[in-house]
Amino acid sequence: MSASPLRVALVAVNSPGYRSLALGYLRAYAEAHPALAGRVAFQTLDMDTAVSPWWVAYRVLSMEPDVVALSVNCWNADAVHAACRVLAAARPRMPIVLGGPEVGPVAEEVLRRHAAVTAVVRGEGESTFADALSAFLRDGELWRVEGVTARRGGEVVSADDRPLIADLDSIPSPYLAGVMPVVDGATYLETYRGCPNSCGYCFEGKGYGRVRRFSEQRVREEIDCVAHTPGITSFSFIDPVFNLPGDRFERLCEHLAFHAVRGVRLHTIELDVEAVGPEQAAMLRRAGVASVEVGPQTVGATALETCRRRFDRERFVAGVTALKAQGISVECDLIVGLPGDTFDDVVDGWRFVTSLDPWKIQCSTLRVLPGTDLFIRADELGLAFDPEPPHEVVATGQMGFVALRRAEVAGTVLSEEHGARLEGGTV
Amino acid sequence: MLPFVEVKTGTGDAAGCVRCGVISDAAPVPYEEALRALDAAVAAWTGGVNANVSFSGGEPFDLPSLPDLVARAVAAGAARVRIVTSGAALGVAGNAGGCQSAGVRHMRVVLLGSAGLHDALAGSPGLYAAAMEGVAAWRDAATLGRDRTFLSALVPVCEHNVGDLPSAVADAIAAGAREVVLRVPSSMDDPRSMRWIGSACDTGTVNRARVTIEGLPATALDGYAEHAALLGGESR
C-alpha cells in the first residue's frame, strides 16, 4: 500500500482581480517533476488582500495541508506574515515556505524575524521548490537544497544559489497544463524572463539577469489556448518590454493578429515607447493591443543617470503620438522620490506627461525593494526608506519627507484630475 | 494643475461673501455672449491635445442654455468639461446625472467657509446643506454611471473667512473634493493671513488632497517657497 501523498497548499494573497502566475508555474513544474509524481497533491488558493489573515488561515487549515507555500510581494507581505503567524499558532509543526521578490533577497533576515516561517525559496522558484518538496518527502533537510534558506536547529542556513533555469520550456505552461483557469481580463502570459534594462528601482532585471526566452512555439500554444477559451475578450503579457528588438516580436504580433480579428484584445502591455514608430504602432494595433504602459518614470537627468535609465524626450513623444494615432490607449507612469530628482524635476515630469495628454497618468511613490540596485546603494545615495513593506521612500538627498509627501499627494490628485475625461474615462 | 479655458456664464461667483458686498455682482451673461466665448476658445485650440473647458461665473445652472453650451464643447472635442457652481443646483433631481451624461466630468463647488460659516457669509441659510446634497448627488451619479469624475472646491478668500480656511479645506475634502482652490486677493499678504493659508495647504496635504492658490505668489508662504509649483505657482 502506498503512503498518502504530501498535501501542499499553494497560497496567494493577490491584488483584487488578479491570480498568481507564480504559483501556477510552481505547481505545473512540480506536478510534472518525475520525483514528485504521485507523491504530492496540490491545492491552490487564490485570495486577495481584502481577505482577513484569519480567514486566509481558516481556508488553508480547512484543506489540512502538510506544507503551506505562499508567494510574497511588497504589497502583500504584511497580510502574508499575519496569516503565517496564525497558521503557525494553529499548526506549529506544519512547514511554511515562502518565496517571491519580497523575501528572496533578504531570506536570512526573514527567517530571523519571522518565527512562523520554515524556509524561504530564493530567486526563480520552480526547480528549487520542487527540490524542496523532494526534501520534505526524504528527510526534511531543506537547508541542503540549492536556492533555499532554512533553519538547521537554531541556526539559519542558506544553501548555495541555484543557477537560473536554462531552458524555460522545461517549465510547463500553467494554462496548457490546466492548473490555472483562463479568466477574461485577468490572464497573463510571459514570453521571456529577465529584462534588457537594469533600472535601479526595479527587481525585474536584478532578479532574473539576462533575457531568457520561452520558445516561439510554446508562446503561440499559450496564446492559442488563452484566446480560444470561451468568453475571453482580453488578456495581457507581463514582459517588462513587450517590443524587444527583432523579428520575433513581429512574428508574435502576426500571430496575435489572427486572434485580434476575432475581437481578442491585449491590455496594459509594457513597451519601450522610444522604439515605437508609426509602423510598429500599426503592428501593435493589428495585434489587438488596446492599452500600453510606457514610463517615463522621470525626466530628471540626474535621476535617470542614477537609476541607469535612458530617456529621449523626442523619441518618447514620437512613440506616444504614434500609439495614440492608432487608437491605442497610453498610460504614462511617473515615480516620485527617485534619487537625484529635485522637486522641480518631479513637476517637470508632470508637465511633460500632461502635455502628451495620454489616456492615463499613474504617479506612484518610490518603493525601495529588496534586491534592487537602489536597495543595495541606499546609504550611498542618501535614500531613507521604510524597512517594512512596501518600503516607501521617506527622504532622498534632494527631497525631504515633507517635500515627498506634498509631491506624492499632488501626483495622485493629478492622476485623478487627468483621468476624469471624456475619452476613455469610464472605470 | 491641468489648464482649463474659462467660458464665462455670468459675472461674479456662484456664491459670494455678503459682508464684502460681492454677491450683488452676480448675473448671468446672455446666451450669445457665452456662445461667442466658447467658439473663440474652440478656435484657439491648437492641434494634438484637446482642450479643457470650464463654465464659470454667476450660477451656470441658472443659464437655460447650459446644456447646449456643454454639448457644443463636447462636440468640439473638449477632453474635460467643468462647471463651477454653488452646488445647490446639483441636488435638483436629474441635474447631477444629466451633467455627467452630457459629458461633464469636473465639478467645482464654491464654498465660502466651513459648515458653520458658509451660510452666514453667503447670506443664504441652508445653502451649505444644499451644496452638500448636490455634491452627494454628483458622487452618486458618478458611481451609478461608472464615470471617472473630479470634484473640487473654490474658496474666494477674504478677511471674513481667512481664519476658517483650514476647517473649510477639511470640510471640502470630507465632502469628496480632491482639490481646493483658494482664491486670495493679492492685497492679503499680511503674516497672519499667510499663516492661515499655509495651514490650509498643510490640511490638504495631510488629508491627501491638493490645495492650489490663485492670486498670490505661493512663494510668499512659509515653507512653500521651493514647492510653489504645487500651489499653482512657479518654484523659487
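## A valine and its surroundings

Once the neighbours within four places in sequence are set aside, Val180(B) is in contact with Ser152(B), Ala153(B), Val155(B), Val169(B), Ala172(B), Gly204(B), Ala209(B) and Val211(B), where contact requires C-beta atoms, placed from the backbone, to lie within 7 Å. This is a predicted model, in which local features need pLDDT of at least 70 and side-chain atom pairs count only at pLDDT 80 or more, while totals for chains, interfaces and linings use all residues. Residues are numbered from 1 along each chain as its sequence is written, with chains lettered from A and ligands numbered from 1 in the order in which they are written.

Val180(B) is also one of the residues that touch the most other members of the largest nonpolar core, together with Ala132(A), Val155(B) and Leu182(B), and this core has 199 residues. Such a core is a set of buried Ala, Val, Leu, Ile, Met, Phe, Trp, Tyr and Cys residues joined through C-beta atoms within 7 Å; a residue is buried if 20 or more other C-beta atoms lie within 10 Å of its own, exposed if 12 or fewer, and partly exposed in between. Helix α5 (residues 127–145) of chain B gives the core its largest share, nine residues, helices (H or I, at least four residues) and strands (E, at least two) being DSSP runs numbered from the N terminus.

## The sheet of chain A

In chain A, seven strands form an open sheet with mixed pairing in the order β2-β1-β3-β4-β5-β6-β7, two strands being paired if DSSP finds at least two bridges between them. Its edge strands, each pairing on one side only, are β2 (40–48) and β7 (155–158) of chain A, and from one strand to the next the twist averages 20 degrees. Strands β1 (residues 6–14) and β3 (residues 67–71) of chain A run parallel and are joined by four bridges; Val11(A) has Leu70(A) as its bridge partner in β3(A).

Helix α2 (residues 53–62) of chain A packs on this sheet, where it touches β1, β2 and β3 of chain A, and its direction makes about 160 degrees with that of β2(A); axes are lines fitted to C-alpha atoms, for helices over the stretch in contact, and angles run from 0 to 180 degrees between N-to-C directions.

## An enclosed helix

Helix α1 (residues 21–31) of chain A is largely enclosed by the rest of the structure, because nine of its eleven residues are buried. Among the buried residues of α1(A) are Leu23(A), Tyr25(A), Arg27(A) and Tyr29(A), and what covers the buried residues includes β1, β2, β3 and α5 (126–138) of chain A.

## Two helices and the contact between chains

The axes of α12(A) and α15(A) come within 11 Å and cross at roughly 5 degrees. The two helices are therefore roughly parallel to each other, a description given to angles under 35 degrees. Phe343(A), Val346(A), Trp350(A) and Thr354(A) in α12(A) meet residues of α15(A) that include Ala403(A), Leu414(A) and His418(A).

Chains A and B each bring 26 residues to their contact. On the side of chain A, the elements giving two or more residues are α12 (343–356) and α15 (401–419) of chain A, with α15(A) providing the largest share, twelve residues.

## A partly exposed serine

Ser234(A) lies in strand β11 (residues 234–237) of chain A and counts as partly exposed, because it has 19 C-beta neighbours inside 10 Å.

Definitions and conventions
Contact = placed C-beta atoms within 7 Å. Parallel < 35°, antiparallel > 145°, perpendicular 65-115°, else oblique.
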